[in-house]
Amino acid sequence: MIKFLDLQKVTAKYASEIHEAVRRVVDSGWYLQGQENERFEANYANYIGTKYAIGCANGLDALILIFKAYMEMGVMQAGDEVIVPANTYIASILALTENNLVPVFVEPKFNTLEIDDDMIESAITSKTKAIFIVHLYGRCAYTEKIGQLCKKYNLKLVEDNAQAHGCYFGNQRTGSIGDAAGHSFYPGKNLGAFGDAGAVTTNNKVLAEVVRALANYGSTRKYVFKYCGRNSRLDEIQAAILDVKLKHLDDDNEYRKDIAEYYIKHISNPCVSLPVTMDRRNNVFHLFPILCTKRDELHDYLEVNDVQTIIHYPIPPHKQECYQEWNALSLPITEQIAQQELSLPVSPVMEMGEVRKVVELVNRF
Ligand SMILES: *Cc1c(COP(=O)(O)O)cnc(C)c1O
């Protein structure tokens, strides 16, 4: 069986370092808001290339905290609009609706699956406060045009970097391009914890302070509460584990790129289209999405041949039951992607022989 992602194997690679880090925290008697958080935050900010990184409980909270902070700062208000890709994971949308901000869905390009920067300007209104981009599947969604639109209309640029740790745009890492970015360290992400974890990165000192306070009950001093905050702290154990795995992230990402390169070179089935191009800087291949009009048959064919694949995502956010107010929206490109997308396995522990087997099967389908 070729697993979509073998987390046991991913962990085994760094087991001794991780055991040592976990033991250190267990023995320390200090489990929250300590040295491990401080160290990981400093190393992660340095890695992403921002002045600040603030650990928090998970990726969704990271995104919620950014927008909540902007509201506390008076930059945004309930009812304001935020441009967001229609093709994304539900968390990106929840971060807005949780704050009573209005998502304005913009279609992706069919050949990149990322937000179509030609469609953004016509979606901007007097209520628009931000463009929220998602580096989906590990690919950089930022373009110079998006940056120009933010300047022209005085909009904040927020990044969802949950799937793209280590990815670049030019010389900048994703997560350092905009005004703020949310990161998820869900176990299956390129940088994954042993449970839930997340972070916010930014160069804005005020935003960093407000996010940090909001993640700790709205408190800046013990038992003094400036905001109605939440409890969204990063555990010391998770911070210690993440700090170990961060050291290996670039190597792991390079291996993902080798796999992607092999897929791109060798997949030749005319029924399959590759919305991915080989770019070792602008893509860290969190996922390897392909499009196929016979997607469900291909999925089943691979499954009976012992290859696990996953659909990202079968139902777009605007079609979900929780968002009935948008169910009638027509977003044909996003909907077509939901019908045709299939993610092939890609991970730092996949053997090259397994990659070859996946290619053979896809081509034989
Ligand atoms: C995983 C993910 C999130 C949310 O992260 P959690 O840590 O699971 O809360 C947000 N956005 C995208 C695009 C994701 O893939």
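In the protein chain, 69% of the contacts between residues at least 6 apart in sequence join residues at least 24 apart. The model is a predicted one, and its chain holds eleven helices and 14 strands. The radius of gyration of the protein chain is 20 Å, close to the 21 Å that the globule rule gives for 365 residues, so the chain is as compact as a globular protein of that length. Along the principal axes, the C-alpha atoms fill a box of roughly 65 × 55 × 40 Å.

Turning to the interior, buried residues account for 55% of the 365 residues in the protein chain. The largest nonpolar core is built from 36 residues, and F67, V82, L96, F105, F132 and V211 have the most contacts inside it. At least two residues of this core come from each of β1 (52–56), α4 (59–72), β2 (81–85), α5 (90–97), β4 (128–134) and α7 (205–214). Helix α4 gives the most to this core, with eight residues. Leaving aside residues up to four places away in sequence, F67 touches M76, V82, A95, L96, N99, L101, F132 and V158. Another core, of 23 residues, lies apart from the largest one; I2, A260, Y263 and L298 are among its members.

The protein chain exposes about 15,900 Å², of which carbon and sulfur atoms supply 49%. On this surface, Y217, Y223 and F225 make a nonpolar patch of about 400 Å². One of these residues, F225, is found in strand β11, which covers residues 224–225.

Technical notes: Residues numbered from 1 in each chain as written. Predicted model: local features only at pLDDT ≥ 70, side-chain atom pairs only at ≥ 80, totals over all residues. Heavy atoms only, no water. Patch = residues over 30% accessible without salt bridge, like charges linked within 9 Å, V, L, I, M, F, W, Y side chains within 5 Å. Areas by Shrake-Rupley, 256 points an atom, 1.4 Å probe, with all protein chains shown as cover. Salt bridge = Lys/Arg side-chain N within 4 Å of Asp/Glu carboxyl O. Helix = DSSP H or I, 4+ residues; strand = E, 2+ residues; numbered from the N terminus. Core = buried A, V, L, I, M, F, W, Y, C linked by side-chain atoms within 4.5 Å. Buried < 20%, exposed > 50% of the residue type's maximum accessible area, 1.4 Å probe, protein only. Contact = heavy atoms within 4.5 Å. Rg over C-alpha atoms; globule rule 2.2 N^0.38 Å.
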